[in-house]
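I opened a new notebook page for this chain.

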Amino acid sequence: MKQGVLKGKFLIEAVITLVTGLHIGTSSDFTPIGAVESPFVRDHFTKVPIIPGSSLKGKLRTLLAKMRSPGYVLNKIEDDDDVICRLFGSTGKSGVVGARLQFYDVFVTPESIEKISRLDTDTYMGEVKFENSITRLTATAIPRQIERVPAGTDFAFKLVYNIENEEEIEEDFATLAAALMMLQMDYLGGHGSRGYGRVAFSGFSVRYAGLNKGLESFTEKLKATLEGSCLK
């Protein structure tokens, strides 16, 4: 696997606020009569909604691939450019490349848990949105129930960046910031064309961990780069 010498890590933290209701679904082989047909994914132990790290990673990578694709048709994942491959990893033709970005599952902040627990919600920390899909030929309505995390919920975002090449740090963070800005103009999860999954980032911080204390001087500049991705 192609991976440079680890020269430290940057821990990136921020708040993800839901601007509209979010639905990241979970599979269900059996739905009792009267139950929500499309529930959102929850933490197994606390039953609190989460944003899987895989969902964030996949969405950000796809947005970057669309932005940086050499042609109108989106290229195969193994043909992503060098910057995307080193940030998100690759098993392409040039060999296995280790990802510099390490994603976390993202959990609801304690403050939001307390706030939502005081509300009269349809499910535990969730709202149920009733929708209909219409069959064009017969105009028949097919009702369904979709569970969403309510707008206004805050999630504690964490992301680790592995430092392998000091000369590429600023380019990597600029690329990440562009992806985060695009995400805020796009959507996370499902049903985005209907207005679901709009998010906003705020409160960025960057901390360094490692033996080269000179790299700590990067943190404020990198923080400013990420803050530049926040939509006003």
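My entries run from overall totals to single residues.

I worked on a predicted model, where local features need pLDDT of at least 70, side-chain atom pairs count only at pLDDT 80 or more, and totals for chains, interfaces and linings use all residues. Residues are numbered from 1 along each chain as its sequence is written, and side-chain values use heavy atoms, with hydrogens and water left out.

**Totals.** I looked up the secondary structure and found five helices and ten strands. These are DSSP runs numbered from the N terminus: helices are H or I with at least four residues, strands are E with at least two. The chain has 232 residues, and 41% of them count as buried. Buried means under 20% relative accessible area, exposed over 50%, and partly exposed in between (1.4 Å probe, protein chains only). Next I checked contacts (heavy atoms within 4.5 Å). Among those with a separation of 6 or more, 72% come from residues 24 or more positions apart.

**Salt bridges.** How many salt bridges does a search of the whole structure find? I got 17. My criterion was a side-chain nitrogen of Lys or Arg within 4 Å of a carboxyl oxygen of Asp or Glu.

I noted E13 with R207, at 3.0 Å from N to O. This pair links distant parts of the chain: E13 sits in strand 1 (residues 9–18) and R207 in strand 10 (residues 199–209), 194 residues apart. R207 is partly exposed, at 47% relative accessible area.

E216 and K213 also form a salt bridge, at 3.8 Å from N to O. I have E216 as partly exposed at 37% and K213 as exposed at 53%.

E227 and K223 meet at 4.0 Å, N to O. Both lie in helix 5 (residues 219–227), four residues apart, about one turn of the helix. Both ends are partly exposed: E227 has 33% relative accessibility, and K223 has 25%.

I also logged a network of salt bridges that links R86, R100, E164, E168, E171 and D172.

**Aromatic rings.** The whole-structure search gave me seven aromatic pairs. Rings of Phe, Tyr and Trp (its six-membered ring) pair if their centres lie within 6.5 Å; planes under 30 degrees apart count as stacked, over 60 as edge-to-face and the rest as tilted. Y161 and F173 are edge-to-face, with 5.2 Å centre to centre and 70° between the planes. Y161 lies in strand 9 (residues 154–162) and F173 in helix 4 (residues 169–185), so the pair ties together parts twelve residues apart in sequence. Both residues, Y161 and F173, are buried. Ring pairs join F10, Y161, F173 and Y208 into a cluster.

**Charges over rings.** I required NZ of Lys or CZ of Arg within 6 Å of the ring centre and within 35 degrees of the ring normal. K59 lies over the face of Y187, 4.1 Å from the ring centre. R148 lies over the face of Y196, at 4.6 Å from the ring centre.

**Last stop, T219.** Is T219 buried or exposed? I read 12% relative accessibility, so T219 counts as buried. T219 is placed in helix 5. Leaving out residues up to four places away in sequence, T219 touches F10, V206, R207 and Y208.
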